[in-house]
Amino acid sequence: MDLQALWLSLRLAATTTVVLLALGIPLAYWIASARTRLRPLVEAITTLPILLPPTVLGFYLLVLLGPHTAIGRLVTHLTGHPLAFSFSGLVVGSVLYSLPFAVQPLAAGFRSVDTALLEQAQLLGAGRFRTLTSVLLPLSTHSVIAAAALCFTHTVGEFGVVLMIGGDIPGATRTLSIAIYDQVQEFSYAAANRTSLLLIGVAVLALVILYARRVPNGAPNA
Amino acid sequence: MPDVQPDIAIRHRQGRFTLDTAFSLSQPWTVIFGPSGAGKTTLLRILAGLAQPTSGRFHLAGRTLLDTENNISIHAGQRSIGFVTQQPALFPHLTARDNVAFGIRHLEPERRATRVAEMLRLFGAESLAAQPATQLSGGERKRVALARALAPAPDLLLLDEPLAGLDDASAHDILVRLLSLQSSGQVRIVYVSHDLAEIWRLPAEVLFLESGRVTAIGPLQQVLAPHREHLLQQLR
């Protein structure tokens, strides 16, 4: 068992989930409430990573964050090291790759809140921030949990993006899914089996947490 | 009583329907009466700031809340208007107390608690304070919604068929409590209904709204006289 890879995957998934919730909640709120022509375009762009092959996204990120672009040079200047082949680079890639898994359930949750409640909040003097924190989020906890569980499991299991951006550096960028790939390359099928079962366990646990929050039809909503 | 001299002139086109009204809230109570589809709810939503009219103006308590000619449209939350609809829309994750406190967060905690208790008492709902909104009956929800709308001491309270769907005893009790506001003179009320039995008891100026236009304005008997036969049929 590659404990380093396990720890790195969990750290990456947790960091990505926190960043995605911080970015996804305001973005989903905007998508759910905006009445501008820009909305379909923004929604399409945030959904794009679902359609793109992970290697394509990883390749362009690698180029964009590399030393030959202005962004890459700026990041290196600010952080003291390039984003490519670093944990921070993995976080950037994972955030972009899992963005739709945060935004879609959150936007759907916000849209399902009764408009009359939002109007009452507005009439009672609540601004957009207070409406979000005092009405929308408490009434969308299922969506927030769904978004967090999906982001976490999706990040734990991702392969293409992290391989393209991070490579395969033990302790720095080698995640569980890359460790499985390495184990298979080395014909260590037993080790690959154990690591794969661990990944399946993480996914099942996240889904159990997700579905445990769902209330069956007809049951009172606690 | 606040110095309220509102002027209302609203024109709003929605498909083939046109709302075209002009009137003043000259009495503490104004009843807007008319058949379904006359534009009553649309008018209230425009006054509350929840909908934007094609053109119009609205002055309330010495303030211009809407003047499309001069590009003025005050945000709903800053109009000092309470709005209670047929569906009370209480925040389901909050208790009755927290619902009433929602619009007065700017008050000191002690004053806020006093105000919440006062408003709940006004509508006979003081015993419901700690109840989650989801556990309230229809009548209780209406009482809490009214208390919530009045807590910030608005200049105007808009009531869109607030007693619809209630049993007679609850409706009568809430109406009596609403009427007690008239003696305190703290707020003007615009009351929308198409239930003659309900508005008969109200000491109000009545606007008869038909197909988006005010066709009569004045005391109840005078306004409804031309519609006597039709309304009697409704009551039978």
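## A guided tour of chains A and B

From the N terminus on, the elements of chain A follow the order α-α-α-α-α-α-α-α-α-α-α. Helices (H or I, at least four residues) and strands (E, at least two) are DSSP runs, numbered from the N terminus. The structure is a predicted model, in which local features need pLDDT of at least 70 and side-chain atom pairs count only at pLDDT 80 or more, while totals for chains, interfaces and linings use all residues. Residues are numbered from 1 along each chain as its sequence is written, and chains are lettered from A and ligands numbered from 1 in the order in which they are written.

**Select chain A.** This chain has 11 helices and zero strands. Its C-alpha trace spans about 65 × 45 × 30 Å along the principal axes. Of the 222 residues in chain A, 40% are buried (20 or more other C-beta atoms within 10 Å of the residue's own; exposed means 12 or fewer, and partly exposed lies in between; C-beta atoms are placed from the backbone). Among the contacts in chain A with a separation of 6 or more, 71% are between residues 24 or more positions apart; two residues are in contact if their C-beta atoms, placed from the backbone, lie within 7 Å.

**Select residues 3-33 and 141-157 of chain A.** These are helices α1(A) and α8(A), which pack at an angle of about 140° with their axes 8 Å apart. Axes are lines fitted to C-alpha atoms, for helices over the stretch in contact, and angles run from 0 to 180 degrees between N-to-C directions. The angle makes α1(A) oblique to α8(A); angles under 35 degrees count as roughly parallel, over 145 as roughly antiparallel, 65 to 115 as roughly perpendicular and the rest as oblique. On the α1(A) side, the residues that meet α8(A) include A:Ser9, A:Leu12 and A:Gly24. Their counterparts in α8(A) include A:Ala147, A:Cys151 and A:Val156. By class, this contact of α1(A) with α8(A) holds nine nonpolar, five polar and no charged residues (Ala, Val, Leu, Ile, Met, Phe, Trp, Tyr, Cys and Pro count as nonpolar, Asp, Glu, Lys and Arg as charged, and the others, Gly among them, as polar).

**Select A:Phe187.** This residue lies in the loop between α10 (176-185) and α11 (189-212) of chain A. The phi of A:Phe187 is near 60°, a positive value in a residue other than glycine. A:Phe187 counts as exposed because it has 9 C-beta neighbours inside 10 Å.

**Select residues 156-160 of chain B.** Here is strand β8(B); five of its five residues are buried, so the strand is largely enclosed by the rest of the structure. B:Leu156, B:Leu158 and B:Asp160 point one way from β8(B), and B:Leu157 and B:Leu159 point the other way.

B:Ile81 has B:Leu156 in β8(B) as its bridge partner. B:Leu159 stands opposite B:Tyr191 in β9(B).

**Select B:Asn71.** The loop between β5 (63-67) and β6 (72-73) of chain B holds this residue. B:Asn71 has a positive phi, near 60°, and is a residue other than glycine. With 6 other C-beta atoms within 10 Å, B:Asn71 is exposed.

Notes
Two strands pair if DSSP finds at least two bridges between them.
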